[in-house]
Each structure stands twice: as C-alpha cells, then as structure tokens.
Amino acid sequence: MDQGIYVIILIGTALVLLAAFSSLIARRFGAPLLLIFLGIGLAAGTDGMGLDFDNATAAYFVGSLALAIILFDSGFGTSLASFRAAAAPAITLATLGVLLTAGIVGLAAHFLTDLGWLPSMLLGATVASTDAAAVFFLLRVGNISVRDRVRSTLEVESGSNDPIAIFLTLSLVSLIATGAAAEPQKLALDIAVGFLQQMGIGLIAGLVGGYLIVRLVIRLRLDQGLVPIFVLALSLLVFSITGAFGGSGFLAVYIAGLVAGNSRLRATDQVKRFQDGMTWLAQIIMFLVLGLFATPSQFPEIALPALVLGLFLIFVARPLAVALCLLPFRFTREETAFISWVGLRGAVSILLAITPVIDNIDGGRALFNTVFIIVLVSLMIQGWTVGPLARRLGMVVPPRLGPLNKVELELPGSAHHELLAYRIVAGSPVERGARIPRWARPSLVLRDGRSMTYQYAGRLMAGDRVYIFVPDRYPRLLDRLFASPAEVDPEDAEFFGAFAVDPDRPAMELEQAYAPGLKEKELEMTIAELVAARLGGRAEYADRVALGNIELIVRDVDEEDRITSIGLSVEPPAPPPQVPAFISLGELLRRLWAMVRQGRQGRFSAQEENKDTGSA
C-alpha cells in the first residue's frame with residue numbers, strides 16, 4: 001500500500017513537471033500550450049504509457065474544482081473599467097451566442113450523424129462555450145496585443161459563458177436520462193425557469209460572496225502568507241455553497257473574483273501571484289486528467305463526423321452566432337472576425353462531455369470522444385493561427401508600456417494608502433525628466449547603496465529606487481511614468497503616423513491643410529472631439545480615423561478616456577483584407593440606405609426619360 005502511494009505521487013509529479021517544462025518548447029515553436037498539456041495526458045493514458053484512468057466521476061470532480069479556480073482568477077484579473085467597456089457585447093455573446101451556437105451545431109450534428117434530436121442538441125451544448133483557460137492564455141500570456149475593447153470582450157465572454165453551457169448540458173442530460181418524451185413547450189418553460197434560478201442565485205451569491213471575501217480579509221489580521229490561501233478557500237466556499245442551493249457556482253465564483261479583484265485587499269500583490277500559480281497548476285492538472293480519461297483507440301470510428309463538426313463549428317456556427325450577436329454594436333468586420341476566431345474550445349467542453357458518461361446515457365462515450373476531437377481541432381487550427389490572423393486583419397497594436405519594475409508594499413494600519421517602490425529604468429519618462437504628480441508623495445531614494453530624501457536626490461537616474469506614498473486608488477498614470485519604452489516591432493514603426501498633432505487644436509486647421517472634406521459641424525470641433533465623434537463618442541488607444549487622404553491615430557488617452565495625443569499619417573497603410581461575412585449594423589444600414597437611394601434615383605431617371613419620350 002505504502003509503495004503504491006509513492007508510485008502514484010511519482011507519476012503525478014512527473015507529469016506535472018513535464019507539462020510545466022513543455023511550456024518552454026511551446027513558446028519556442030508557437031504551439032498552443034494547452035494542447036501540449038492535453039497531449040501529455042493522452043500519451044500517458046491507456047493507449048500510451050498504459051496508465052488506466054477510467055473514473056468519470058473523479059475526472060469531473062477534478063475538472064470542476066480546477067475550473068472554479070480558473071474562473072475566480074479570471075474575474076480577479078478583470079478590471080471594472082474593462083468589464084464596463086465590454087459588458088454589453090460580451091454578455092450577449094455569453095448568453096444568446098451560446099444558445100445560437102448550441103442550436104446550430106446541434107442541427108448539424110443531427111444531419112451529419114445518426115444521433116436523435118436531444119443527443120444532437122446535447123452535443124451542441126457541450127461545445128457551445130469558449131474556454132476561459134485557452135482564451136486568457138492566448139491574450140495575456142501569448143503576447144498578442146489587440147485593442148482594449150476587443151480583448152475585454154473576449155475575456156469577459158470566456159469568463160462568463162461557461163455557466164450557460166453548463167446549465168444547458170446538465171438540463172439535457174437530465175432529460176435524456178429520465179427517458180421521458182420531450183414536450184417542446186414544457187421543456188422550454190422548464191429550461192427558462194431553471195436558467196433564471198441558476199443565474200439569479202449565482203449572481204446574488206457572487207456579489208455577496210465577493211463582498212464578504214473583501215470584508216473578511218480586511219477585518220481579520222491574518223499573517224500575510226495565509227491571506228492568499230484564505231482568499232482561495234473562501235472562493236471555493238462561495239462556489240460550493242451556491243451549487244448546493246441550486247445556483248450556478250461557476251457564475252458565482254467568477255463574480256466573486258470580479259468583486260474581490262477590484263477592491264483593495266490586503267496583500268493584493270501576493271494574492272495575484274498566488275492566484276497566477278494556482279491557475280497554472282489547475283490548468284495543467286485539468287488538461288492532464290482529461291487527457292488521461294480519453295481513449296484514442298476509440299476515436300477512428302467517429303473521427304470523420306467529429307472532424308466535420310469541428311470545422312463546421314469553427315467556420316460556420318461560431319462566426320454566424322458572433323455576427324448576429326455583435327450586429328447592434330460598433331465592431332468593425334475585422335474585429336468581429338477576430339472575436340469569432342478566438343472562440344477556442346477547451347477543457348470546459350471535454351468536462352461537460354463527461355456528464356453523459358457519468359449518467360450512463362446510451363452513446364455517452366461516443367459523444368465524449370466526438371467532443372474531444374472537436375476540441376483538438378479547435379486548439380490545433382485556431383490556437384496555432386491566432387497571432388498570424390490578428391496581424392493579417394490589422395488587429396495587433398504596439399504595446400502601450402514596456403517592462404515595469406515595481407513592488408507594492410502594504411502599510412500597516414492604513415487601508416487607504418500604500419507604498420510603491422519603483423526602480424528607475426533607462427528611457428522611462430521620469431528618467432528623461434518628467435515630473436511626478438503632486439498627489440504622489442516621494443519619500444526616499446536609494447542610489448548606489450545610499451539612501452537620501454527625494455528633495456535632495458536631484459534628478460532621478462537609471463538604477464535608482466524611489467519609494468512613493470500614494471492613495472489606494474492611484475491612477476495608472478504613475479506606472480506609465482516609470483515604465484520603460486515599449487519595444488515596437490519594425491512592422492509597426494509607422495503605426496502611429498509620421499508626426500503628432502495637438503488634440504486641442506481646431507479641426508478647421510485639418511480642413512485648411514489637407515481638405516479631408518469635414519462637415520460643417522465638425523469644423524467647429526477640436527481635433528480630439530472630431531476623432532471621438534467619428535468613433536462613436538469614445539476613443540481607445542490605437543483607434544484610427546480615416547479623413548480623406550490622411551489618417552488620425554489615437555496615441556494615448558488619460559484615465560478618463562480623454563484623448564491626450566494624436567498621430568497623423570499622410571500615407572495611411574494599406575487597409576486590412578475585407579471580411580465580407582461580417583458586417584456591423586451601422587454598415588448594414590448604410591448599405592440599405594444606399595440601395596434605397598440608388599433605387600429612387602433609378603426610378604426618377606426612368607420617370608424623366610418617360611416624360612421626355614412623351615413630350616417628343
């Protein structure tokens with residue numbers, strides 16, 4: 001018995017170490033890291049090294065626990081500003097988008113396989129949600145820098161769409177397991193009531209749980225080393241209690257993370273680092289366990305329909321659902337296409353596909369194998385091509401900041417102030433002479449092993465370490481003053497235009513210099529107001545506005561989204577390739593109006609010709 005325990009620990013740690021080491025290989029060759037984790041699990045399983053793991057309940061338990069940890073960290077790392085900016089489109093994708101994807105894939109599965117309607121819809125529900133682990137890894141760890149609203153939409157969608165897919169899957173599994181005949185009206189009513197119950201309880205529990213986490217961490221004077229463990233344990237408590245009371249524990253833990261992450265906790269920096277490590281461990285264990293549970297020797301009999309369904313999901317179902325959901329919002333065709341392509345499937349889909357196996361549903365193992373192949377197709381095709389596609393669509397923007405050397409220190413007895421320690425890096429704004437804002441209070445400078453007050457240190461030099469007292473809600477402007485210059489790819493050197501223009505200058509000057517054909521009202525605006533108006537009222541970093549033969553590029557915005565710097569390009573780069581399948585509501589209305597006007601002009605010309613003919 002004792003020997004068996006050591007062998008299990010040895011194999012488990014060896015697999016985890018191998019998965020962690022494989023990250024170096026994945027980064028070198030650009031392979032999707034989560035696909036590597038899954039592949040290691042497959043290689044170690046029944047058809048590989050011979051590790052026989054066929055416990056569906058244990059796999060589901062481990063996967064659910066890992067997913068709860070990942071979702072809490074997803075919410076914890078999402079700022080409220082990003083959530084507000086992307087809430088409407090992201091929640092639309094997370095609700096209506098999941099339902100549309102499930103329905104479209106289910107319809108295709110019914111006609112491509114011998115599955116009945118309910119099993120087909122079950123298959124669609126299991127692959128309807130995007131994978132938070134895969135999406136967050138690609139956007140945050142994969143060094144793909146895209147516009148804030150696009151990135152926030154993808155992150156919020158991937159973090160919030162799992163509860164809908166989980167509810168749909170469990171409802172269909174329960175219905176199939178009972179064997180009762182489905183009554184469409186009763187089924188729709190039951191699903192609607194169950195959905196409102198799970199989402200309502202999950203939302204309330206998440207808000208209350210997040211608030212209690214913050215209050216308990218602030219009130220209880222725990223050792224700093226215990227705070228991250230305490231926060232993680234409380235998040236899992238929120239997850240389990242919500243599920244026990246019939247709510248969506250996955251939604252609750254995500255909302256709790258969102259609330260806690262946007263509050264001033266004690267030892268916030270330590271909590272973030274601990275959460276990062278736990279999330280990596282959860283991803284590795286979840287993908288390894290799911291890979292171990294799969295049996296590749298069973299794949300050939302369902303490989304062809306599964307491959308077709310995977311391609312159908314990538315190229316038809318997901319794009320169609322995204323295009324319909326984003327129609328009311330101001331996304332360009334390129335942005336809509338990119339959001340569609342980053343809808344990776346991952347561990348959540350495989351995890352949900354285990355539920356039919358647990359309930360001993362006929363064909364449950366075949367459904368699991370089908371979903372597993374669909375996930376492999378998604379990770380291989382989409383995960384490997386996100387970077388090149390982003391650049392081809394013109395979605396990649398130069399990084400806003402370079403590396404930042406900062407340490408956050410908690411002040412005992414002060415919940416509203418903190419001490420920041422910055423190391424001055426060469427080329428940063430403060431090293432070049434930029435002044436520190438008045439609301440920040442520099443207190444100490446360390447230089448060459450000697451300490452001195454800020455007043456007597458003179459101009460800050462590269463290598464200095466400066467300690468600054470700041471309010472707990474200090475603007476991120478301070479980070480930008482101490483950050484090193486961002487390294488810009490040579491292909492992006494002209495991204496922000498040939499030269500800068502003053503955003504507070506009147507737009508009339510652009511008309512006089514370049515004659516872009518501004519409207520009468522626009523001539524009365526400043527350049528910043530003109531750009532914001534052309535962008536729908538809100539500008540973001542790296543937004544672009546074409547005006548005749550010139551292009552204005554937003555180089556920077558402040559904490560209140562006011563434009564502070566604008567670049568001007570007199571030779572705009574070639575536009576990205578058009579994606580005809582994706583069109584925004586505004587462009588659709590413009591095209592319809594153009595068709596109406598063209599039709600009117602055609603009828604008017606015909607009437608004029610008839611009059612001329614009659615008079616002749």
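Leu311 has its place in helix α13, which covers residues 303–325, in what is a predicted model. With a relative accessibility of 32%, Leu311 counts as partly exposed, because that value falls in the range between the limit for buried, under 20%, and the limit for exposed, over 50%. Leaving aside residues up to four places away in sequence, Leu311 touches Val316, Val377 and Ile381. Although Leu311 and Ile381 lie 70 residues apart along the chain, their C-alpha atoms are separated by 9.1 Å.

**Helix α8 with helix α15**

- Two packed helices are described by the angle between their axes and the distance between the axes.
- For helix α8 (residues 162–178) and helix α15 (residues 347–358), the axes come within 9 Å and cross at roughly 15°. That angle makes α8 roughly parallel to α15, since angles under 35 degrees are counted in this way.
- The crossing of α8 and α15 is right-handed.
- On the α8 side, the residues that meet α15 are Asp162, Ala165, Ile166, Thr169, Leu170 and Val173, and on the α15 side their partners are Val348, Leu352, Thr355 and Pro356. Sorted by class, the contact of α8 with α15 has seven nonpolar, two polar and one charged residues.

**Helix α10 with helix α11**

- The axes of helix α10 (residues 227–244) and helix α11 (residues 249–261) come within 8 Å, and they cross at roughly 150°. The crossing of α10 and α11 is right-handed.
- From α10, the residues Ser235, Val238, Phe239, Thr242 and Gly243 meet Gly249, Phe250, Ala252, Val253 and Ala256 of α11. The residues in this contact of α10 with α11 divide into six nonpolar, four polar and no charged.

**Aromatic rings**

- The structure holds nine aromatic pairs. In one of them, Phe72 and Phe76 form a tilted pair, with 5.9 Å from centre to centre and 40° between the planes.
- Phe72 and Phe76 are separated by about one helical turn, because they are four residues apart in helix α3 (residues 56–76).
- Phe72 is buried, with a relative accessible area of 0%, and Phe76 is also buried, with a relative accessible area of 5%.
- The rings of Phe111 and Trp117 have their centres 6.1 Å apart and their planes at 90°, so this pair is edge-to-face. Phe111 counts as exposed at 63% relative accessibility, whereas Trp117, at 43% relative accessibility, counts as partly exposed.
- One aromatic cluster is formed by Phe53, Phe293, Phe299, Phe368 and Phe372.

**Ser569 in strand β9**

- Ser569 is found in strand β9, which covers residues 563–569.
- Ser569 is buried, because its relative accessible area is 5% and the limit for buried is under 20%.
- When residues up to four places away in sequence are not counted, Ser569 touches Gly497, Ala498, Asn549, Ile550, Glu551 and Ile553.

Technical notes. Residues numbered from 1 in each chain as written. Predicted model: local features only at pLDDT ≥ 70, side-chain atom pairs only at ≥ 80, totals over all residues. Heavy atoms only, no water. Axes fitted to C-alpha atoms, helices over the stretch in contact; angles between N-to-C directions. Helix = DSSP H or I, 4+ residues; strand = E, 2+ residues; numbered from the N terminus. Parallel < 35°, antiparallel > 145°, perpendicular 65-115°, else oblique. Left-handed = near helix turned anticlockwise from the far one by under 90°. Contact = heavy atoms within 4.5 Å. Nonpolar A, V, L, I, M, F, W, Y, C, P; charged D, E, K, R; others polar. Phe/Tyr/Trp six-rings, centres within 6.5 Å; stacked < 30°, edge-to-face > 60°. Buried < 20%, exposed > 50% of the residue type's maximum accessible area, 1.4 Å probe, protein only.
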